[in-house]
Amino acid sequence: MKIVIVGTGYVGLVTGTCFAEMGTDVTCVDIDEKKIENLRNGIIPIYEPGLEDLVKSNYKSGRLKFATDLSSVVNDVDIIFSAVGTPPDEDGSADLRYVLDVARTIGQNINKYIVVVTKSTVPVGTAQKVKSVIREELDKRGKTDIEFDVASNPEFLKEGAAVQDFMRPDRVVVGTESEKAKKMMEKLYSPFMLNNYRIIFTDIPSAEMIKYAANAMLATRISFMNDIANLCEIVGADVNMVRKGIGTDTRIGTKFLYAGCGYGGSCFPKDVKAIIKTGEKYGYKLELLEAVENVNERQKHILFQKLMDYYDGNIKGKTIALWGLSFKPKTDDMREAPSLVLIDQILKAGGKVKAYDPIAIEETKRRIGDTIEYAKDAYDATVDADAILLVTEWNEFRLPSWSVIKKTMKKPVVFDGRNIYNKNELKDLGFDYSGIGISI
Ligand code: NAD
């Protein structure tokens with residue numbers, strides 16, 4: 001089978017590479033010429049565990065190719081996936097500009113039957129729009145006899161574990177009205193389904209809605225726990241104990257119940273906003289999700305508030321060690337990262353930031369330049385620091401040598417934004433400690 005993936009970002013590159021690994025002939029297309037040139041030279045634009053080796057080996061074998069001109073590759077393939085970005089519009093709804101650009105190019109160039117699959121996260125009704133745009137372009141060319149089908153195949157991979165998630169998916173959702181498209185998608189995904197058949201076929205609107213509902217549910221669990229955590233702190237409870245106490249209820253489960261300093265990344269914030277906008281468009285107010293978003297905004301400020309409270313509202317001239325910059329571990333993605341909000345607040349309050357992240361320093365420099373100091377490792381960040389703020393729970397931050405750190409800090413205080421440390425242990429070592437939802 002031959003396929004094209006349009007948009008070679010986090011989703012497109014992982015999708016294309018994993019399909020190629022299973023023997024499919026894949027061309028990944030992107031309008032970013034530099035990115036494509038780099039990929040051809042073995043330079044991978046993102047950090048994702050396991051991806052680099054797979055890209056290089058599949059490119060070398062010829063199963064994975066890269067191109068910049070979509071029009072020149074649409075006629076030699078069976079399926080075209082669109083995995084371009086759908087960033088939030090000014091009002092928070094999904095900006096479909098790139099998705100519809102791709103549809104237009106397809107309509108302007110196809111000369112034979114093809115299945116056009118939307119993999120980007122898009123609001124209900126988008127596949128229908130894609131279909132109309134392609135049909136319009138075909139009509140303009142007088143090619144009314146050319147047939148094509150559309151499908152919706154939302155992606156559920158997690159950054160930081162994207163290759164693993166794609167290779168062993170919990171489920172694959174495919175929305176289509178066409179039996180022919182269904183059979184082709186089933187064949188394409190069959191290598192991933194050998195041990196356990198997990199393809200869920202739905203109608204198109206349901207497939208589009210499933211992706212938003214899934215992300216909205218996960219974001220809701222996070223905001224719920226953050227809200228409970230804040231109350232725990234006020235009333236003198238420990239949210240870690242509460243989490244264990246409720247997570248063992250099989251109806252609730254243990255996943256996504258961790259309190260922290262807010263969710264970020266390229267998906268949850270924009271997808272929660274977009275589904276709220278879809279509700280508004282149809283005259284329905286998604287009150288629960290509005291609250292989820294508000295709680296998250298508030299939570300991104302919590303470490304700063306704790307820091308200010310600790311220093312009686314004045315951190316002028318203080319050096320704050322920041323551990324972790326990316327929005328979550330094992331990625332260099334800084335989109336909507338809580339660390340950026342925190343840095344901005346500390347700098348505005350007259351504090352200095354000395355930050356360390358195992359992977360995301362380059363990407364942070366690209367965004368905020370030299371407004372902060374970058375440390376060479378976690379220990380270097382704490383030298384002469386007035387506080388440590390743990391923002392991203394990378395593995396290497398989990399068991400530091402506190403006795404070494406205590407000697408080099410100006411003031412031994414830790415604000416644990418992901419609740420990965422033991423309060424009593426740190427107190428015994430002479431640190432002041434504050435977690436999220438853990439009263440001091
Ligand atoms: P990204 O920004 O990393 O990549 C998008 C790519 O599309 C960019 O390289 C851009 O240059 C390219 N592009 C834009 N217009 C193009 C065009 N006309 N032709 C060719 N290339 C074009 O985005 P991403 O994180 O991979 O997300 C893509 C979609 O997948 C979004 O809708 C997102 O919500 C969804 N999604 C993302 C994740 C994730 O973890 N990142 C997970 C599931 C779903």
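## Conventions

A residue is called buried when its relative accessible area is under 20%, exposed when it is over 50%, and partly exposed in between, with a 1.4 Å probe and protein chains only. Pro 49 counts as partly exposed, because its relative accessibility is 29%.

The model is predicted, so local features need pLDDT of at least 70 and side-chain atom pairs count only at pLDDT 80 or more, while totals for chains, interfaces and linings use all residues. Residues are numbered from 1 along each chain as its sequence is written, and side-chain values use heavy atoms, with hydrogens and water left out.

## Ligand shell

Helices (H or I, at least four residues) and strands (E, at least two) are DSSP runs, numbered from the N terminus.

Polar contacts are pairs of N or O atoms within 3.5 Å; within protein, one atom must be able to donate a hydrogen and the other to accept it, and residues adjacent in sequence count only if both atoms are side-chain atoms. Thr 86 has a polar side-chain atom 2.5 Å from a ligand oxygen, and for Lys 270 the distance from such an atom to a ligand oxygen is also 2.5 Å. For Arg 335, a polar side-chain atom lies 3.0 Å from an oxygen of the ligand. The ligand taken alone exposes 830 Å², of which the protein buries 88% (Shrake-Rupley method, 1.4 Å probe; for residues, only the protein chains shown count as cover).

In α7 (residues 179-189), the buried residues are Ala 181, Met 184, Met 185, Leu 188 and Tyr 189. They lie on the same side of α7 because they cover an arc of only 125° around the axis, the arc being that of the directions from the helix axis to the C-beta atoms. The other side of α7 carries the exposed Glu 179, Lys 183 and Lys 187. An α-helix has 3.6 residues a turn, so residues three or four places apart point the same way. At the start of α7, a side-chain oxygen of Ser 178 comes to within 3.3 Å of the backbone nitrogen of Lys 180.

Helix α14 (residues 361-368) has Ile 361, Glu 363 and Thr 364 buried. Their arc around the axis is only 160°, which puts them on the same side of α14. Glu 362 and Arg 366, on the other side of α14, are exposed.

## Loop residues

Phe 256 sits in the loop between α9 (239-247) and α10 (268-281). Its phi is near 60°, a positive value in a residue other than glycine. Phe 256 is partly exposed, at 31% relative accessibility.

Glu 336, in the loop between β9 (319-323) and α13 (338-348), has a positive phi near 55° and is likewise not a glycine. Glu 336 is partly exposed, with a relative accessible area of 38%. Pro 49 belongs to the loop between α2 (33-40) and α3 (51-61). The C-alpha atoms of Pro 49 and Tyr 59 are 18 Å apart, with the two residues 10 apart along the chain.
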